[in-house]
Amino acid sequence: MSTPVEPIKVALLGCGTVGTEVVRLLHEQADDLAARVGAPVELTGIAVRRPNKHRDVPAELLTTDATALVARDDVDVVVEVIGGIEPVRTLLVDALSSGKSVVTANKALLAENGGELFTAADASGADLYFEAAVAGAIPLLRPLRESLAGDRITRVMGIVNGTTNYILSAMDATGAGYAEALEEASRLGYAEADPTADVDGFDAAAKAAILASIAFHTRVTAADVHREGISSVTAADIAAARSLGRTVKLLAICERVTDDAGTESVSVRVHPAMIPRSHPLAGVGGAFNAVFVEADAAGQLMFYGQGAGGAPTASAVLGDLVAVARNRVASGRGPRESAYAELPVRPMGQTGTAYHISLDVADQPGVLTQVAAVFAEHGVSIAAVRQEGRDNEPSASLVVVTHAAPDAALRSTVDKVAGLPVVREVVSVMRVEGEEQ
Ligand SMILES: NC(=O)c1ccc[n+]([C@@H]2O[C@H](COP(=O)([O-])OP(=O)(O)OC[C@H]3O[C@@H](n4cnc5c(N)ncnc54)[C@H](OP(=O)(O)O)[C@@H]3O)[C@@H](O)[C@H]2O)c1
């Protein structure tokens, strides 16, 4: 007769959009999960703020005292889906320090205090898994952390925020302005009442920090990420992109950069950019996420799927829970933090980017020469120029697309061009990505 296996006991912190789905999946798939793990997976307790709100959950499991729940001797794994920094940071450091494994979906905390959590996990030998923190249901962190651990990742570029992708997709499809598209997204539930974290790029920047840390074996925090949101993207920007066979996306871009002296650094940034309509990321519409990874040996890889929502995010949480539970059953441990490379973060001004600049200029001879001279003066090489006069008007449209140059040089170029007497208006300035340079 075989000895009964001890169950893996789980404390769930938070039971909102994601937590509710975690509880449902744990219940509905209990037998399958037990078979996959090699031991039953049982909920010991669920910490919430307002227990009266949670009538679908067995009342005996609910508590408002998350600290006491985490400290219980019969808890093996803590699953955190509350969000934010405190009190979660303290709760998770306590859990890890006492040897309890942690599964979390909390991108903000990982991007700000990931190092502290990993240190606590290493000290006790506990696991820290966080697949759901970036791109919801899409298996992305585990492929970067494990499947590509033998390769050299050079670039990770993706759409990691569904709200902004929904807004930009709507602007592209209908010609609507930013405010109108945001209003529609809020009405349909794609944008939160306070959309700041999404539209100003904070959410994407936290995810970029996590992606860069894993891809480049270096600690990168949210503060290291150059961040620009989408609130200044205009209908004119979208129209300019469209007229050149491009579309505008909010991109999280993590790059390994080697300078002329052979010194390596990482560039991590979030900003809107024009990409060719033929690029794989251009077809990612609505609230979907997609991430494009380039590695020396693997070449190009694309990850695509639902980047948010209760059930998709819970799928990633459950995958992590099965992994840490299996590790417990086998008395083993998953991968630790890998930050040995300690690459410096390159300032945005020194990062090479390419610009698309759309100008309204006087329709007279010599304008192009004057504009081109400013680019040459700043060492910015021009990749393409298109000038079109307008019928019965003394102005013309001049579009310049540059080759990659340091971002600071491009900014100075635009400032100087804007001051030329022949330039009536700078209609649109947008970075260009995904083109062969
Ligand atoms: N929603 C998504 O699509 C998604 C996608 C990816 C990642 N995430 C991440 O998943 C996490 C949870 O997101 P969510 O959308 O599920 O949040 P949510 O719906 O706001 O739920 C938060 C839960 O935490 C509980 N809570 C808040 N403060 C607490 C405290 N001090 N002690 C105990 N419980 C507390 C709340 O209790 P009450 O219910 O009683 O108020 C609620 O159940 C966040 O880190 C988020 O970034 C979410």
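Two residues are in contact here when heavy atoms of the two lie within 4.5 Å of each other. By that criterion, among the contacts in this predicted model between residues at least 6 apart in sequence, 74% join residues at least 24 apart. The secondary structure of the protein amounts to 14 helices and 17 strands. Along its principal axes, the C-alpha trace spans about 95 × 50 × 35 Å. A compact globule of 437 residues would have a radius of gyration near 22 Å, and the 25 Å found for the protein agrees with this. Of the 437 residues, 52% count as buried.

For Cys15, a backbone N or O atom lies 2.8 Å from an oxygen atom of the ligand. For Thr17, a polar backbone atom is 2.9 Å from a ligand oxygen, and for Val18 the distance between a polar backbone atom and an oxygen atom of the ligand is 2.9 Å. Taken alone, the ligand exposes 900 Å², of which the protein buries 79%.

The relative accessibility of Asn327 is 16%, and since buried means under 20%, Asn327 counts as buried. Which side chains make polar contacts with that of Asn327? One partner is Asp127, whose side chain makes a polar contact of 2.7 Å with the side chain of Asn327. Another is Tyr129, joined to Asn327 through a side-chain polar contact of 3.4 Å. Once neighbours within four places in sequence are set aside, the residues in contact with Asn327 are Asp127, Tyr129, Gly332, Arg333 and Gly334.

Leu109 belongs to helix α5, residues 107–124, and its relative accessible area of 1% places Leu109 among the buried residues. Not counting residues up to four places away in sequence, Leu109 touches Gly84, Ile85, Val88, Arg89, Leu92, Gly114 and Leu117. One of these, Val88, is 21 residues from Leu109 along the chain, and the C-alpha atoms of the two are separated by 8.1 Å. Val367, for its part, sits in helix α13, residues 367–377. With a relative accessible area of 1%, Val367 is buried. Its contacts, leaving aside neighbours within four places in sequence, are with Val361, Ala362 and Val422. How far apart in space are Val367 and Val345, 22 residues apart in sequence? From C-alpha to C-alpha, Val367 and Val345 are 39 Å apart.

Some details of backbone geometry are also worth a look in the viewer. The peptide bond leading from Glu86 to Pro87 is cis, with omega near 10 degrees. Pro87 itself lies in the loop between β4 (77–80) and α4 (88–97). Positive phi values in residues other than glycine occur at Ala135, where phi is near 60 degrees, and at Glu342, where phi is about 45 degrees. The loop that holds Ala135 runs between β6 (128–129) and α6 (141–147), while Glu342 lies in the loop between α12 and β13 (352–362).

Methods: Residues numbered from 1 in each chain as written. Predicted model: local features only at pLDDT ≥ 70, side-chain atom pairs only at ≥ 80, totals over all residues. Heavy atoms only, no water. Polar contact = N/O pair within 3.5 Å; in protein donor to acceptor, adjacent residues only side chain to side chain. Areas by Shrake-Rupley, 256 points an atom, 1.4 Å probe, with all protein chains shown as cover. Buried < 20%, exposed > 50% of the residue type's maximum accessible area, 1.4 Å probe, protein only. Helix = DSSP H or I, 4+ residues; strand = E, 2+ residues; numbered from the N terminus. Rg over C-alpha atoms; globule rule 2.2 N^0.38 Å.
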